[in-house]
Amino acid sequence: MSDSSPRPASRFPRRGLLILIVLLLAVALAWWFWPHKAKPEGPAGRAGFGAFGGVVPVRVAAADRSDFPVYHKALGTVTALNTVNIRSRVAGELVKVQFEEGQKVKAGDLLAVIDPRPYEVALQQAEGTLAQNQAQLKNAEIDLARYKGLYAEDSIAKQTLDTQQALLYQYQGTLKANQAAVAEARLNLQYTQIRAPIAGRLGLRQLDQGNLVAANDSTALVVITQTQPISVSFTLPEGDLPDVLERVRSGDSLSVEAWDRGDRKQLASGVLHSLDNQIDTTTGTLKFKARFENADETLFPNQFVNVRLRANVLARALRIPSAAVQVGARGTFVYVVGADNKVQLRTLETGPSDGEYTVVTKGVEEGERVVLEGTDRLREGAEVEVVEGLSAPARQEPVDDSQQRVPRRRSGLNG
């Protein structure tokens, strides 16, 4: 029977080797993940951005006071002040087109001509009938004067005189009808020349020369839109009405701005012109209309624009950049950098905002510095380094993992 005593002795070196390896791995992992204070790289010190337990680089701005305009924003539609569909008031052949598409015209400019010859003939006929009845009336007047003399001499009966008087009245009525027929024929002849009723810009031509046109045809010859001045219609929710209506009823002129769809470029400036007399119950909004001079014609009818109605101006309001305002479980707050470069968390009460700046009514004093960038790693009492030109945290930049993964973990950053 063989002796098996050497086997237990061989397990001890293996077990000691495993323990040694585990200890070495533990030490390596502890060194790897132990937070170190990284040295700044470059003027902004970006390698140490957001390190726990270290100085956090931040960008700050001071709270200041300035006149702050309060705007109400809405989506608006540009509407022409007047729109006219040009149609013929008489029937006939379209013999002339006197305009170019897109042309600007003045009131009274000749646009088109309908064949006038039938209406010239109708006018001549009406004038001939008028002349005939004028002669009959003249003869009736002479006869009436003669009958009056004979009646005075008791040579004719009273009935004969009365009949002649009635005949005279009949011719006078017929003459007025003839004069109206002449005026109508002359008016129809004038209608053969289609003129612009308003000043504005023409659209595209809908009928070509040579077409037969009916009176008041459903197809318009062309459309004229008055674009100078021009209106913009928009709505505001009923919650925004009190301060607007207060100024409107006091007679103040409210400024209105029209911006493009991207809200990047201002197209025109105008004033509030009118408002509706009732709130739409389905949307809870009230309709408004602003008037713009539109001298450079940047606004087109049916164009969608972003409207900014300036309802008020807060004199010397305390404001901070909107980028500094944070929202969390504590509500609205901001990080304030003290003289010792340590941050304090302040709860805010805010007022109106224009996107770039926000009015602060409580929580920050004028001149205090608030943190714009670098807030994601801040805590109450954390020490910070105020830097210039810090535009974004380091984690937002593309990183080559093979070269920067080790330094970033050693400096305490989230890889």
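Student: Is Asp252 buried, exposed or partly exposed, and what is its relative accessible area?

Tutor: Buried means under 20% relative accessible area, exposed over 50%, and partly exposed in between, with a 1.4 Å probe and protein chains only. Asp252 has a relative accessible area of 37% and is partly exposed. Please note that this is a predicted model, in which local features need pLDDT of at least 70 and side-chain atom pairs count only at pLDDT 80 or more, while totals for chains, interfaces and linings use all residues. Residues are numbered from 1 along each chain as its sequence is written, and side-chain values use heavy atoms, with hydrogens and water left out.

Student: With which residue does Asp252 meet in a salt bridge?

Tutor: Side chains of opposite charge can pair when their charged atoms come close. A salt bridge is a side-chain nitrogen of Lys or Arg within 4 Å of a carboxyl oxygen of Asp or Glu. Here the side chain of Asp252 meets that of Arg247, at 3.4 Å from N to O. Arg247 is partly exposed, at 23%.

Student: How many salt bridges does the structure hold?

Tutor: There are 12. Another of them joins Asp208 and Arg205, with 3.0 Å from N to O. Asp208 has a relative accessible area of 41%, and Arg205 has 33%.

Student: Which parts does the salt bridge between Arg186 and Glu127 tie together?

Tutor: The closest N and O atoms of Arg186 and Glu127 are 3.3 Å apart. Arg186 lies in helix α3 (residues 158-191) and Glu127 in helix α2 (residues 117-152), so the pair ties together parts that are 59 residues apart in sequence. Helices (H or I, at least four residues) and strands (E, at least two) are DSSP runs, numbered from the N terminus. Arg186 is partly exposed at 38%, and Glu127 is partly exposed at 35%.

Student: Which residues of α2 are buried?

Tutor: An α-helix has 3.6 residues a turn, so residues three or four places apart point the same way. In α2 the buried residues include Tyr119, Leu123, Ala126, Leu130, Asn133 and Leu137. Part of what covers the buried residues of α2 is α3. Just after α2, Asp154 takes a positive phi of about 65°.

Student: How is a cavity told from a pocket?

Tutor: On a 1 Å grid over the protein atoms alone, a cavity is a set of points where a 1.4 Å probe fits but cannot get out, whereas a pocket is an open set with protein on both sides within 12 Å along at least five of seven lines; lining residues have an atom within 4 Å of a point. The structure holds one cavity of 30 Å³ or more. The largest cavity has about 60 Å³ of space, and its lining includes Ile86, Leu94, Ile114 and Asp217. Grid points are joined across faces, edges and corners, and a volume is the space filled by probe spheres set on the points.

Student: What lines the second largest pocket?

Tutor: This pocket has a volume of about 150 Å³. Among its lining residues are Arg87, Gln190, Tyr191 and Pro197. The elements that give two or more residues to this lining are α3 and β6 (193-195), and β6 gives the largest share, three residues.

Key. Contact means heavy atoms within 4.5 Å.
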